[in-house]
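Trainee: Could you take one part of this model and walk me through it closely? I would like to see what surrounds it.

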Amino acid sequence: MTDLVLKAPPGPWAEFWGHFRRNKGAVLGLVIVLALSFVAIFADFVAPYDPAEQFRDFVLLPPAWVEGGSWAFPLGTDDIGRDMLSRLIHGARLSLFIGLLVVTLSLVVGVALGLLAGFYGGASDTLIARFMDILLALPSLLLAIVVAAILGPGLVNAAIAVSVVIVPHYARLTRASVMAERGREYVTAARLAGASDARLMLVTILPNCAAPLIVQATLGFSTAILDAAALGFLGLGAQPPTPEWGTMLSSSLQFLQRAWWVVTFPGMAILITVLAFNLMGDGLRDALDPKLKR
Amino acid sequence: MLKFIATRIALLIPTFLGVTLLAFFLIRLVPGDPIEVRLGERGIDPARLEEMRAQLGLDKPLLEQYADYLAGVLTGDLGRSLITQTPVLDEFAELFPATIELSLCAILFALIIGLPAGVLAAVKRGGPLDHGVMAASLTGYSMPIFWWGLLLILFFSVILGWTPVSGRLSAAYYVEPVTGFLLIDSWMSEEEGAFLDALHHLVLPSIVLGTIPLAVIARMTRSSMLEVLGEDYIRTARAKGLGLFRIVGLHALRNAMIPVATVIGLQVGTLLAGAILTETIFAWPGIGKWLIESINRRDYPALQGGVLLVACVVMLVNLAVDLLYGLLNPRIRHAK
């Protein structure tokens, strides 16, 4: 007699995780993002010092492993004696906060516009699609710069500026998926059952358009962090003494020749964070939606 | 085909109007009064202030200001810079060649490295070379280019002293601007060594600006090449006993190039956005640096004109890419 073992097919989460973990880069990205989130949330406990505390006796101290450095300040100090490591850790909090704010704002607005355009079609579609085209005609950073200049410099304003730039991407993506879904039988069935338009859009259709949006939202984090840092670097984002990475870079420009560490570390932090989100986004894309695989 | 072209051009008109509206109103919203900025902190006689506002048309209702503006735009008059008093279009025309020159060199750099890297990665799929190219391209794609530029300056200019830190040409040379493209002008001029000097100044900014396009091109070439290499006619070519070089170079690359060409065209927006940062870091006298300076000086007309012109450039290049793609691929042309 043979033992016939029937195994239940893996649930959606198990299946997703099975795909995701096979991509080593994606897992690495996830680990980095989790570590960064931990550091960002518990910045007050993890950072050795207050990010604004000035140690006047230790100005422009090099990193610990370089001659003249001290393990009291592992990554050295900046031009007014603030601990680089503590500032970078608090910067992680700011960058992730910006990422979260931008993705939430642009996702809500973009999905709403995309749903309206895709579901109703006709004039509302034309109007929304044209408006998105206008926003897309401007290079992203230029548009963000103009919006940031209008709102005035600042962390939250920079986040709003970057959100404006990203909205069209979500709107287009949602619109395309909604248009593909709205003619399906299950939507007609829900409509016949008496579902309202709002219910059809939000409860019936939207969950079926989620996969590409999740991928895009993850990648949106990297765009947001990168563009907000660029705005900070140009003086249009967070203002000193805020330990935002781009702002830290621009205020230490004059020390480029004397103290490489004040310029190198903030940029490296940006690169690692953005890279981690991109790795994770690529992995999510492969795991969630094989059709999107490029 | 004519109908296809006409539709595409007609579609641009509402976008163009929208951009003028956006440029106009966005810039009116910028805080700070341009006249006060120009006159500095000193006090001014209120009557004189009113007179100046009237002179600049700033006292009219907003809608009328917009109508005036649009009428001007359509006749090529984008107003004058509040700071230098030069027509905005002239300023743009003078600075734009510097940005084009930089962008062309950047895209050339991206192509020279990105194409072979993508092809090699596809041919050696799954090997260490493939992984290396993919890792490098993802890193390049994630690069904060303003930081990347600083690192390159630190290494090549400050430590090694190989390349100049900023600008387009050393002060020792003077080249009469004829075309505005310094490489051409200095080549034609009598100045000994000016061409090499200009070339020297171009190297680092081109690498910095070309980094993200390079990453995109390498990735796109790889995936497009992989797709083509799986086609039947490649198998036929292999079966005929053709060498790998001939298959890849002659048969596969040509077809793999079509999507890559589109991607290159769509990099124009990325390039212009990157130019803002690159030009700021390298003090490159192009429109990117000019736009940032205009914002800081609250030079409304210059910013307004610049934003509009940049948007037009992006729209026109996208149109050209669209048309080219329609020409190459009949399926696009006849789709509704």
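Mentor: Happy to! Let us start with A:Met201, which lies in helix 9 (residues 197-205) of chain A; helices here are DSSP runs of H or I with at least four residues, strands are runs of E with at least two, and both are numbered from the N terminus. Please keep in mind that this is a predicted model, in which local features need pLDDT of at least 70, side-chain atom pairs count only at pLDDT 80 or more, and totals for chains, interfaces and linings use all residues. Residues are numbered from 1 along each chain as its sequence is written, while chains are lettered from A and ligands numbered from 1 in the order in which they are written.

Is A:Met201 buried or exposed? A:Met201 is buried because 22 other C-beta atoms lie within 10 Å. The cut-offs are 20 or more other C-beta atoms within 10 Å of a residue's own for buried, 12 or fewer for exposed, and partly exposed in between, with C-beta atoms placed from the backbone.

Now for the neighbours. Leaving aside residues up to four places away in sequence, A:Met201 touches A:Leu115, A:Phe119 and A:Leu206; a contact means that the two C-beta atoms, placed from the backbone, lie within 7 Å. A:Val178 sits 23 residues from A:Met201 in sequence, and their C-alpha atoms are 8.4 Å apart in space.

For some context from chain B, an automatic or database domain assignment divides that chain into domain 1 (1-75) and domain 2 (94-332). Between these domains of chain B, 16 residues of domain 1 are in contact with 13 residues of domain 2. Helix 1 of chain B gives the largest share of the domain 1 side, eleven residues.
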